Amino acid sequence: MKNLKEIYQDRYSYLRRGISLYSAQLGGWLFCVVLLISLAFTLNYGWGRWIMFFALGFAYYATVFASAWDMGFRDSNRVKFGHIQKSYATGFKIGAIGNIFWWVMILSMFIAKLGYGYNILIIFKWLAPPVWPVINMMCDSMYLFNFDWWMLLVILIAGSMITVISGVSYILGYNEIIPMHKLMYTKSKKAQNDESFYDPRFKK
């Protein structure tokens, strides 16, 4: 049975690629911190929270998407050459490893809500910036005892988006699908079809 060091040294292992996903998250986190410091005042307003929700989410998850997409793209070639077996679940497994840190913090908040741990809400907000606006929309308090259980459940769901985005982007990368290119191609195709119906005789 392989030990952790041997598993990590295997470049195809979920552990190694899950850890690389943390590197991508670090880049997104640094970008989010800059946004938070620059636009922190917007979190005091309803409209500002929505703006920050989309801005922080895009800044953070774009790095996760890019990293998992690249893994899927590379794996498609590895499957063709018989190095690994095809599995669409790979992205979700890697994403789950990349989500462990958030899940541990959320579990700590559940324990604190029961009265057996420390209130790490502020720490969680800074370490998981995309979820910060969601938390503020539900409750402005800094103390977990003011949160209802359903609010913590929402935080858990919101905090699990790394797994979902990683899984979906891996599948897109495996199939070499770039959403932005697809959208641009669709618009271009529509424009070409419109031109094909153009008749100069109807020109005014």
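What pattern does the chain follow, read along the sequence?

1. **Ground rules.** This is a predicted model, in which local features need pLDDT of at least 70 and side-chain atom pairs count only at pLDDT 80 or more, while totals for chains, interfaces and linings use all residues. Residues are numbered from 1 along each chain as its sequence is written, and side-chain values use heavy atoms, with hydrogens and water left out.

2. **Overall pattern.** Along the sequence the chain reads α-α-α-α-α-α-α-α-α, with nine helices and zero strands. Both kinds of element are DSSP runs numbered from the N terminus, helices being H or I of at least four residues and strands E of at least two.

3. **Burial and surface.** Of the 204 residues, 38% count as buried; buried is under 20% relative accessible area, exposed is over 50%, and partly exposed lies in between, with a 1.4 Å probe and protein chains only. The accessible surface of the chain is about 12,800 Å², and 68% of this belongs to carbon and sulfur atoms. These areas come from the Shrake-Rupley method with a 1.4 Å probe, and for residues only the protein chains shown count as cover.

4. **Contacts along the chain.** Taking contacts (heavy atoms within 4.5 Å) between residues at least 6 apart in sequence, 72% join residues at least 24 apart.

5. **H2 against H3.** The axes of H2 (residues 14–39) and H3 (residues 46–80) come within 9 Å and cross at roughly 160°. Axes here are lines fitted to C-alpha atoms, for helices over the stretch in contact, and angles run from 0 to 180 degrees between N-to-C directions. That makes H2 roughly antiparallel to H3; by the cut-offs, under 35 degrees is roughly parallel, over 145 roughly antiparallel, 65 to 115 roughly perpendicular, and the rest oblique. The crossing of H2 with H3 is right-handed, where right-handed means that the near helix is turned clockwise from the far one by less than a right angle, and left-handed that it is turned anticlockwise. By class, their contact has 15 nonpolar, six polar and three charged residues. For the classes, Ala, Val, Leu, Ile, Met, Phe, Trp, Tyr, Cys and Pro are nonpolar, Asp, Glu, Lys and Arg are charged, and the others, Gly among them, are polar.

6. **H4 against H8.** Helix H4 (residues 90–113) packs on helix H8 (residues 161–174) at about 160°, their axes 7 Å apart. H4 and H8 are therefore roughly antiparallel, and H4 passes H8 in a right-handed crossing. Residues on the H4 side include Gly91, Gly95, Gly98, Trp102 and Trp103, and those on the H8 side include Gly167, Val168 and Tyr170. The residues of this contact divide into 11 nonpolar, eight polar and no charged.

7. **H3 against H8.** H8 also packs with H3, at an angle of about 40° and with the axes 7 Å apart. That makes H3 oblique to H8, and this crossing is right-handed. Among the H3 residues that meet H8 are Tyr60, Tyr61, Phe65, Trp69, Phe73 and Asp75, and among their H8 counterparts are Ile165, Ser169 and Leu172. This contact has 15 nonpolar, five polar and one charged residues. Met161, Ile162, Ser166 and Tyr170 of H8 meet H4 and also meet H3.

8. **Trp126.** Helix H5 (residues 121–127) holds Trp126, which is partly exposed at a relative accessible area of 35%. Leaving aside neighbours within four places in sequence, Trp126 is in contact with Trp29, Val33, Leu36 and Trp132. The C-alpha atoms of Trp126 and Cys32 are 9.2 Å apart, although the two residues are 94 residues apart along the chain.

9. **Two loop residues.** Asp140 sits in the loop between H6 (132–138) and H7 (149–159) and is exposed, with 54% relative accessible area. Asp140 and Asn44 are 96 residues apart in sequence and 9.0 Å apart in space, C-alpha to C-alpha. Glu176 is in the loop between H8 and H9 (179–196) and counts as partly exposed at 46%. Glu176 is not a glycine, yet has a positive phi of about 55°. Most residues other than glycine have a negative phi.
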